[in-house]
Amino acid sequence: METINTIGRRKASVARVYLSKGKGSITINGKDYKEYFPTPNIQMKIVDPMKTVEVEGEYDFKVNVRGGGFKGQAEAIRMAISRALVKTNEDFRKPLKDKKFLTRDARIVERKKYGKPKARKSFQFSKR
């Protein structure tokens with residue numbers, strides 16, 4: 001089996017995933033995923049697609065991720081892993097789509113407007 005590569009995006013994060021047959025290791029930017037994301041709830045986001053289709057320990061994932069914070073990066077990686085799993089077996093599409101792992105979440109930070117301190121916040125209004 002050759003290497004399958006996919007891209008996942010979320011907020012300002014972009015994750016590139018390279019999937020190959022292996023023992024189930026997940027490497028993110030040269031580190032193990034448990035070292036890169038020390039909190040258990042973020043680790044769960046990354047492992048969720050494999051648990052959903054029950055293929056833990058069958059594939060190795062090499063991940064390059066840039067931009068954004070840890071939550072955006074984790075969700076970008078989750079999307080990229082889900083897309084890679086669908087490329088290996090088309091039957092995985094239905095359970096992953098039901099959990100919305102294949103849907104691009106397009107919500108991003110709203111830009112700051114001129115004359116305002118933030119996107120929508122205004123300075124205090126004084127009538128007199």
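Reader: Before anything else, what is a nonpolar core here?
Author: A nonpolar core is a set of buried Ala, Val, Leu, Ile, Met, Phe, Trp, Tyr and Cys residues joined through side-chain atoms within 4.5 Å. Keep in mind that this is a predicted model.

Reader: Fine. How many residues has the largest one, and which have the most contacts inside it?
Author: The largest nonpolar core has 30 residues. Those with the most contacts inside it are Ile28, Ile46, Phe61, Ile77, Ile81, Leu85 and Leu96.

Reader: Which element gives the most to this core?
Author: Helix 3, with eight residues. Strand 2, strand 3, helix 2 (40-53), strand 5 and helix 3 each supply at least two.

Reader: And Leu96, what does that touch?
Author: Leaving aside residues up to four places away in sequence, Leu96 touches Pro49, Thr52, Val53, Ser82, Leu85, Val86, Phe101 and Leu102.

Reader: Now the helix pair. At what angle do helix 2 and helix 3 pack?
Author: About 15°, with their axes 8 Å apart. Angles under 35 degrees count as roughly parallel, so helix 2 is roughly parallel to helix 3. The crossing of the two is right-handed.

Reader: Which residues of helix 2 meet helix 3?
Author: Ile42, Lys45, Ile46, Pro49, Met50 and Val53. Their counterparts in helix 3 include Phe70, Ala74, Ile77, Ile81 and Leu85.

Reader: Last one, Val65. Buried or exposed?
Author: Val65, which lies in strand 5, has a relative accessible area of 4%. The cut-off for buried is under 20%, so Val65 is buried.

Reader: What does Val65 touch?
Author: Not counting residues up to four places away in sequence, Val65 touches Val14, Ala15, Ile28, Asn29, Tyr36, Gln73 and Ile77.

Reader: How far apart are Val65 and Gly8?
Author: They are 57 residues apart in sequence and 9.2 Å apart in space, C-alpha to C-alpha.

Key: Residues are numbered from 1 along each chain as its sequence is written. This is a predicted model: local features need pLDDT of at least 70, side-chain atom pairs count only at pLDDT 80 or more; totals for chains, interfaces and linings use all residues. Side-chain values use heavy atoms; hydrogens and water are left out. Buried means under 20% relative accessible area, exposed over 50%, partly exposed in between (1.4 Å probe, protein chains only). Helices (H or I, at least four residues) and strands (E, at least two) are DSSP runs, numbered from the N terminus. Contact means heavy atoms within 4.5 Å. Axes are lines fitted to C-alpha atoms, for helices over the stretch in contact, and angles run from 0 to 180 degrees between N-to-C directions. Angles under 35 degrees count as roughly parallel, over 145 as roughly antiparallel, 65 to 115 as roughly perpendicular and the rest as oblique. A crossing is left-handed if the near helix is turned anticlockwise from the far one by less than a right angle, and right-handed if clockwise.
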